[in-house]
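User: I would like a close look at a single part of this structure. Please keep the answer connected and plain.

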Amino acid sequence: MRYGNDDFVPVMLGTNLNTYNQARSLHEAFGIRSLALGRFPLRETTRSAIVDVRANPRFDTPEVIVSTLQDLARELPGRKRLLLPNIEFYAGVVLEHRAELEQDYLIPLVDASLAARLMNKRDFARTCAELGVPHPGTVVAGAADVEADTFGTDLPFAYPVICKPADTDTYPRLRFEGKQKVYLVQDAAELRAITRRIYAAGYGDDLIVQEYIPGDETVMRVANSYSDRHGQMRFLSVAQVALAEPDPNLVGNYNAVLTVHDEELTESIRRLLDGVGYVGPANFDVMVDPRDGLAKILEINLRQGACSYFTMAAGGNLTRCYVDDLVHETELTEQVTTAERLWVNAPYPVVSRFAPAAMRPRLRAAAKHGVTHTLHYAGDRGVRRRLEVARIDLRHTLDYVRHSATRFNR
């Protein structure tokens, strides 16, 4: 099987939608097939003509991941190998073992010290404050803090508040009653009960208590960027969330976004990235606070986001930036997308039915320019592939119908 071209081979860690995002972007740009490694194939990448999946049930062990990548480098000699981790766990493994891996791979990630600074929620909030980047009020708490009877009574912001785990790698693996990805907490007693239950289930890292910004999808934004090897932001695409994932356990995932141009948010992100000398891709969760109109950055991820194919809908190929910057070593010109286009990860009728009513006119206007669905790719339309994509669309449709009674009466 031939992967990549004469210049490079893309090797992706993960088999999810994000991997297909990148594989499709590279296929459109260079006409190449990518290789993805993971524990097992997911429907988003299975039976695809543009990405080949190699699965290993032990691919959640750092030693296995590193040795597999070293063996793969020997299998693919003579060309540059571009390594693209697509979930936090894989990014963490690559950062921890960078010295071993960068002998064989180009790695578009920040260095470990800056990664630690940005991933530490307390340090991230401090960095935003120092650089004048709007962000919600944040308190970081540990296991000992939540045991105090007064915990939650002296927060620097009012209830309700948001509570979420700092460690998004191990937390999803825990199982306990009442588990959610993110909690909306009404008072101090509820905060103590939730946080103690999380730690009792075996969670071992910090918890984040954050100022709540009210509103539905209409106040939620997402951004994806790329900063070049010199530490300067060279690509940015911002989108307005149109339809969020209905499952409470998947809060933070989106199934429709509308790309927009936001000059103030662009400058905030540039100030943050350039201010710390960031390199590589980044994904931002943002909320526009209706109380003061500021777009506040909730968090940064050291990789492009799962819905990042929206950048292609807006006219910008984010994944190509890695190749031009690291493989071809060209000097990137800055691109900030401005077109208002609709990206979906569910059938358009589902999006138009369940999106907030206030947004539907804008969605219809954008849809006149076409609707971009990552998995609906003319270059990957084998019969078995189309069947897998149809199953994914059906699953999303049923999810929205199932949750409609409690979540979408608006």
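Which strands does helix H1 (residues 17-30) lie across, and at about what angle does the helix run to S1?

Analyst: This is a predicted model. Helix H1 lies across strand S1 (8-13), S2, S3 and S4, and its direction is at about 165° to S1. Those four strands make up an open sheet with parallel pairing, in the order S3-S2-S1-S4. At the edges are strand S3 (51-55) and strand S4 (80-85), each of which pairs on one side only. From one strand to the next, the twist averages 25°.

Strand S2 (residues 34-38) and S3 run parallel and are joined by five bridges.

The packing can be followed from Leu69. Leu69 is listed with Leu83, Ile269, Tyr278, Phe284 and Ile297 as the residues with the most contacts inside the largest nonpolar core, which has 49 residues. Helix H2 (residues 62-75) supplies the largest share of this core, six residues. Apart from that core lies another of 41 residues, including Val219, Met287, Tyr377 and Ile392. Beyond its neighbours within four places in sequence, Leu69 is in contact with Val11, Leu13, Leu37, Leu83, Leu101 and Tyr105. In soluble globular proteins, nonpolar side chains tend to be buried together.

Notes: Residues numbered from 1 in each chain as written. Predicted model: local features only at pLDDT ≥ 70, side-chain atom pairs only at ≥ 80, totals over all residues. Heavy atoms only, no water. Core = buried A, V, L, I, M, F, W, Y, C linked by side-chain atoms within 4.5 Å. Buried < 20%, exposed > 50% of the residue type's maximum accessible area, 1.4 Å probe, protein only. Helix = DSSP H or I, 4+ residues; strand = E, 2+ residues; numbered from the N terminus. Contact = heavy atoms within 4.5 Å. Pairing = 2+ DSSP bridges. Axes fitted to C-alpha atoms, helices over the stretch in contact; angles between N-to-C directions.
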